[in-house]
Amino acid sequence: MTKPLNVLKCVGPKLVPFFKTVSIYFVLFGDAERSSVFFCIAKCLPIVSLILFVLLHGMSLNEYYRYSRLILIGLISSCIGDAFLVWKHAYMNFECGLLMFAIAQFSYAKAFGFRPFSPYAGAVFVLLGFLVYSYLKPGMTGMMEYLAPFYLILICVMGWRAVARVQFFDDLWTWTKLCGCAGALCFMISDLTIAVDLFRFSVPFAHQIIMVTYYAAQFGISLSVVDSQVEEVIRIQTQDQSLDYKSHLEYISGHLHFDRRSRVFRPFASVKQE
């Protein structure tokens, strides 16, 4: 698997726009959000830079890029949701923004997959979701009584699937999976802060907490596309043959090449296309 230091040398320049746009956002609007076109642009630019990062890292319609495509869909949906939430007090804008983020959570959960299933982690997230819903329910009114629980289910499933991918005890984890897991948990913290601030009480420094954890979440999830082609090769072969996960690590050497320019593993199929 690709070492973090080597990957940072490769992807670092592609992430410069993200760090610059995040810095600009907090310099200009670190104190509070606004309802203006300029604020909308500043808020969306970091996500746009991550969309470009995913595209530059590699994109194709073949099966090896399934993960990258789903993460891309999630980022695009999030960016549209961000735009809606800039004017969240306008009619139906908050609901539309929530719907776009629901699509993002669904895309992320589908990208993370359901193998390994990890029922114990799932039980933890079910309990966590129930506790959060019980706490927030008294403040929900109107359409939010239905939309909020629906979204809560989706983000808990997304968090569960991200955590399930990190198998420390079986020594099957990678740093990219860890980035995706950290990103998913940051996403949950960000949305929980929004929900508490909206339905229960005013959270001190809510704007800063929400945006720091939100950008960290999207950053971590976007980084998880690095080496995702390796995981897709293993996933495809695991589905086609009755072998365990570790047996397919040997399969990589015969179906992936090391790209010296980007210093990451890529499928041989992508070489032919390029």
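I am working on a predicted model, where local features need pLDDT of at least 70, side-chain atom pairs count only at pLDDT 80 or more, and totals for chains, interfaces and linings use all residues. I number residues from 1 along each chain as its sequence is written, and side-chain values use heavy atoms, with hydrogens and water left out.

**Overall make-up.** I listed 11 helices and two strands in the protein. Helices are DSSP runs of H or I with at least four residues, strands are runs of E with at least two, and both are numbered from the N terminus. From the N terminus on, I read the order of elements as α-α-α-α-α-α-α-α-α-α-β-β-α. Of the 274 residues, 51% are buried. Here buried means under 20% relative accessible area, exposed over 50%, and partly exposed in between, with a 1.4 Å probe and protein chains only. The protein exposes about 13900 Å², and carbon and sulfur atoms supply 70% of that area. Accessible areas come from the Shrake-Rupley method with a 1.4 Å probe, and for residues only the protein chains shown count as cover. I then took the contacts between residues at least 6 apart in sequence, and 73% of them join residues at least 24 apart. A contact is a pair with heavy atoms within 4.5 Å.

**Cavity.** I counted one cavity of 30 Å³ or more. On a 1 Å grid over the protein atoms alone, a cavity is a set of points where a 1.4 Å probe fits but cannot get out; a pocket is an open set with protein on both sides within 12 Å along at least five of seven lines; lining residues have an atom within 4 Å of a point. Grid points are joined across faces, edges and corners, and a volume is the space filled by probe spheres set on the points. The largest cavity holds about 30 Å³. I found Leu98, Leu99, Ala102, Leu147, Phe150 and Tyr151 in its lining. That lining has six nonpolar residues, no polar and no charged. In this scheme Ala, Val, Leu, Ile, Met, Phe, Trp, Tyr, Cys and Pro count as nonpolar, Asp, Glu, Lys and Arg as charged, and the others, Gly among them, as polar.

How much space lies in the largest pocket? I got about 950 Å³. It is lined by 39 residues, and the closest to its centre are Ser190, Asp191, Leu192, Ile194 and Ala195. The helices that each supply at least two lining residues are α3 (66-86), α4 (93-112), α5 (119-136), α6, α7 (175-199) and α8 (206-223). The largest share, 11 residues, comes from α7. By type I noted 27 nonpolar, five polar and seven charged residues in the lining of the largest pocket.

**Helix α6.** Is Arg161 buried or exposed? Arg161 is buried, at 0% relative accessible area, and is found in helix α6, residues 144-165. Not counting residues up to four places away in sequence, Arg161 touches Ala109, Phe112, Gly113, Phe114, Arg115, Pro116 and Phe117. Met158 is also in helix α6 and is buried at 0%. With neighbours within four places left aside, the contacts of Met158 are Gln105, Tyr108, Ala109, Phe112, Ala184 and Phe187. I noted 7.8 Å between the C-alpha atoms of Met158 and Phe112, which are 46 residues apart along the chain.

**Helix α3.** Ile73 lies in helix α3 and is partly exposed at 39%. Its C-alpha atom is 8.5 Å from that of Tyr108, 35 residues apart along the chain.

**Backbone.** The peptide bond from Arg115 to Pro116 is cis, with omega near 0°. Pro116 sits in the loop between α4 and α5, and I found Ser118 in the loop between α4 and α5 as well. Phi of Ser118 is near 55°, a positive value in a residue other than glycine. Met92, in the loop between α3 and α4, has phi near 70°, also positive.

**Cysteines.** I searched the whole structure and found zero disulfides. The cut-off is a pair of cysteine sulfur atoms within 2.5 Å. Cys79 is buried at 14%, and Cys156 is buried at 8%.
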